[in-house]
Each structure stands twice: as structure tokens, then as C-alpha cells.
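Here is a short report for a first look at this structure. Please keep the model in view as you read.

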Amino acid sequence: RCLVTLYLWIKLLHILSATVLFGTGIGTAFFMYRAYLSSDEAMASTARNVVLADTVFTTPAVVVQLLSGLWLVGELNIALTSPWFIAVIALFVFVGACWLPVVWIQIRIRNLAAAGAGREDYARLMQLWLALGVLAFSAVLVLFYLMVSKAGAY
């Protein structure tokens, strides 16, 4: 009998995609903020790479999270009306509602910095970017708790 089931592969994929989301997010946030505190040249380069990282890593990981999460919910027979599922979906949508403007802000900052704009030209965008990032990361931590505990799932 095979010890590694489809369920375990999907669960592993789900955990790895969550790790990519969190790790890429916290890493790019760190470098973007450090570049903002540094120089306009650093911001231009960093913003370009942050936008690239979101395209290459974050976007596919979001898709994998959604699809693998829905599959796991079905496998575990968790009702779509359970408090746990409603909380998870609400948080997932909330994080997405924070992340989409963050992507737009990063693209805008990338373009401004590449055009030679100074920090004063994108300072407000950075404030909004930071606020949305704090909200999204807080929600992701709650999602991690819910993934591990399954509190309210059954």
C-alpha cells in the first residue's frame, strides 16, 4: 500500500504554497521598505524586483492555495457553511482585497522611481502600501492558525 496518498501530496502542496506566499510577502516587504529608507536608485531596482517576485511567486501561489484548499476542504468533509470555512474564505478574500491594491501601488512606485521621481513623489503610496501590508499579514497569521487548528471546522 502506498504510504503517500494524494491527500498528503495536496496537503504538502498547500503548505508549500502558503510558505511561498508568506515568505515572499515578508521578504519583499522587508526589501521594499529598506529601499524606501535608502535611496531613489535602490527603490527603482527593488520595486522592479518586487513586482517581478509577485508575478513569478505570489500570483501562482495564490491560485494553488485556493485550489488545493478547496480540494482539502472537500476531502475532509468540512461543510461550506461551517464557521471555520466562512472565516477562512472571508480572510482569503480580505487578504486579496489588500494585496491587489498593493500590487498596483508597487507597479506605480516602480514606474515613478524608474522615471526618476524622488521619495516625496511616492511617500503617500508607501504609507498606504505599508498599512495594507500590515492588515494583510495580520489576516494571514489568523489563516495559519485556522489551517492548523481547524477551530470551528466540524
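## The nonpolar core

Which residues have the most contacts inside the largest nonpolar core? They are Met-32, Met-43, Trp-84, Ile-109, Tyr-122 and Met-126, in a core of 33 residues. Two or more residues each come from α1 (6-38), α2 (40-75), α3 (83-114) and α4 (119-149). A nonpolar core is a set of buried Ala, Val, Leu, Ile, Met, Phe, Trp, Tyr and Cys residues joined through side-chain atoms within 4.5 Å. Helices are DSSP runs (H or I, at least four residues), numbered from the N terminus.

This is a predicted model: local features need pLDDT of at least 70, side-chain atom pairs count only at pLDDT 80 or more, and totals for chains, interfaces and linings use all residues. Residues are numbered from 1 along each chain as its sequence is written, and side-chain values use heavy atoms, without hydrogens and water.

## Around Trp-84

Trp-84 touches Val-73, Ile-78, Leu-146, Met-147, Lys-150, Ala-151, Gly-152 and Ala-153. That list leaves out residues up to four places away in sequence. Contact means heavy atoms within 4.5 Å.

## The lining of the largest pocket

The lining of the largest pocket holds 36 nonpolar, 9 polar and 3 charged residues. Asp, Glu, Lys and Arg count as charged; Ala, Val, Leu, Ile, Met, Phe, Trp, Tyr, Cys and Pro as nonpolar; the others, Gly among them, as polar. A pocket is an open set of points on a 1 Å grid over the protein atoms alone, where a 1.4 Å probe fits, with protein on both sides within 12 Å along at least five of seven lines; lining residues have an atom within 4 Å of a point. Helix α1 gives the most to this lining, with 13 residues.

## Leu-37

Leu-37 sits in helix α1. Its relative accessible area is 45%, so Leu-37 is partly exposed (between buried, under 20%, and exposed, over 50%, with a 1.4 Å probe and protein chains only). The C-alpha atoms of Leu-37 and Arg-119 are 8.9 Å apart, though 82 residues separate the two along the chain.
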